[in-house]
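Dear colleague,

Please find below the structure I mentioned, handed over for your own work. My findings follow after it.

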Amino acid sequence: MAPPKELGSPIELPVRRSTIIPGTLFLSASSHTDPGRGEFIKYGSPYDQEGRLFFGLNPPWNSIHAIEFKEGCPVGFVTHRKVDTKNLPLDKIRNISHANVLGFKEVFILKDNIYFLQDQWGLTLNEILQLSPVFMLSEVEVAVICKAVLHALVYIHEEMDICYGNLTCSDILINEQGEVQVAGIGSSLLQKPKPLGKTRDIQALCHIARKLLRVEETVDVRGTTGLLAEDFAGAPPTATAKALLQHPFLEVSATQWCLRPLHILCKIARERKYELENA
């Protein structure tokens, strides 16, 4: 079996020395909500909240800096970054209301740090890619994933009116219910608008599709679905998220439900790959 990941000490949380964080997690700290921004935005540190237990991850795991536990179960996943609080766009930080975009349970602001707490996490596409050649996604599964990500990008581009920026396989999650979600939207909200940013998001998804489909590998014969997949992955820079949603490759009858077995299948594949590499 693959060796399990180790959790850091709850005292060794991933914060810089210049950040004023108490040495223990259970000291009562002053924090207050911003009534103009909703109850999920608070001033203070999540690690200071009374009665809450966080374990730091050093180095971070899949961009997660700490995990909150309650009664032995993970209930929160923390990512944080340094920010210039003088130019912090608080008006852009809001609740996310889309099934394919991972939103926030809470947001904390303390001096030059911002903390995003999510109530769930999942298996990243990067983790799945690392299991090759023991385990690889089928064309149908890739189509389901790409369709969900495109729905997320339509929401991000049109409803939120921002670009995601540098979308990679590590930013796309599949949870145990088979739901596909784009994570890391907090960083997207904080970045400055970039020329052609939305176009680059689409091209980033096409690049991800090529990696998942192994388009660069030499294949003598591809079926109809394979040819449609290649055409989708080679979409021109002028393509929009809405336009790509009409592509024939995505017209599969399968839904995200077909992704539910991925967690257990990847666990088996991970153990098998570990055995093969250490045989």
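How many of the residues of the chain, as a percentage, count as buried? Of its 279 residues, 45% do. Please bear in mind that this is a predicted model.

**Overall composition**

The chain contains seven helices and ten strands. Among its contacts with a separation of 6 or more, 71% are between residues 24 or more positions apart. The chain exposes about 14,900 Å², of which carbon and sulfur atoms supply 52%.

**Strand S4 and its two neighbours**

Strand S4 covers residues 64–70, and five of these seven residues are buried, so the strand is largely enclosed by the rest of the structure. On one hand, S4 is joined by five bridges to strand S3 (residues 53–61), and the two run antiparallel. Within this pairing, Trp61 has Ile64 of S4 as its bridge partner. The hairpin of S3 and S4 has two residues between the strands, and Asn62 takes a positive phi near 50° there.

On the other hand, five bridges also join S4 to strand S5 (residues 73–82), again in an antiparallel arrangement.

An open sheet is formed by three strands in the order S8-S9-S10, with antiparallel pairing. Strand S8 (123–124) and strand S10 (180–182) stand at the edges with a single partner strand each, so one side of each has no neighbour in the sheet. S8 is joined to strand S9 (residues 172–174) by two bridges, and the bridge partner of Leu123 is Ile174 in S9. Helix H2 packs on this sheet, where it touches S9 and S10, and its direction makes about 40° with that of S10.

**Helices H2 and H4**

How do H2 and H4 pack, and what is the angle? Helix H2 (residues 139–159) and helix H4 (residues 197–213) pack at about 170°, with their axes 11 Å apart. Because angles over 145 degrees count as roughly antiparallel, H2 is roughly antiparallel to H4. The residues of H2 that take part include Val142, Cys146, Leu150 and His157, while those of H4 include Lys198, Ile202, Leu205 and Leu212. By class, this contact has ten nonpolar, one polar and three charged residues.

Yours sincerely

Terms used. Residues are numbered from 1 along each chain as its sequence is written. This is a predicted model: local features need pLDDT of at least 70, side-chain atom pairs count only at pLDDT 80 or more; totals for chains, interfaces and linings use all residues. Side-chain values use heavy atoms; hydrogens and water are left out. Buried means under 20% relative accessible area, exposed over 50%, partly exposed in between (1.4 Å probe, protein chains only). Helices (H or I, at least four residues) and strands (E, at least two) are DSSP runs, numbered from the N terminus. Two strands pair if DSSP finds at least two bridges between them. Axes are lines fitted to C-alpha atoms, for helices over the stretch in contact, and angles run from 0 to 180 degrees between N-to-C directions. Angles under 35 degrees count as roughly parallel, over 145 as roughly antiparallel, 65 to 115 as roughly perpendicular and the rest as oblique. Contact means heavy atoms within 4.5 Å. Ala, Val, Leu, Ile, Met, Phe, Trp, Tyr, Cys and Pro count as nonpolar, Asp, Glu, Lys and Arg as charged, and the others, Gly among them, as polar. Accessible areas come from the Shrake-Rupley method with a 1.4 Å probe; for residues, only the protein chains shown count as cover.
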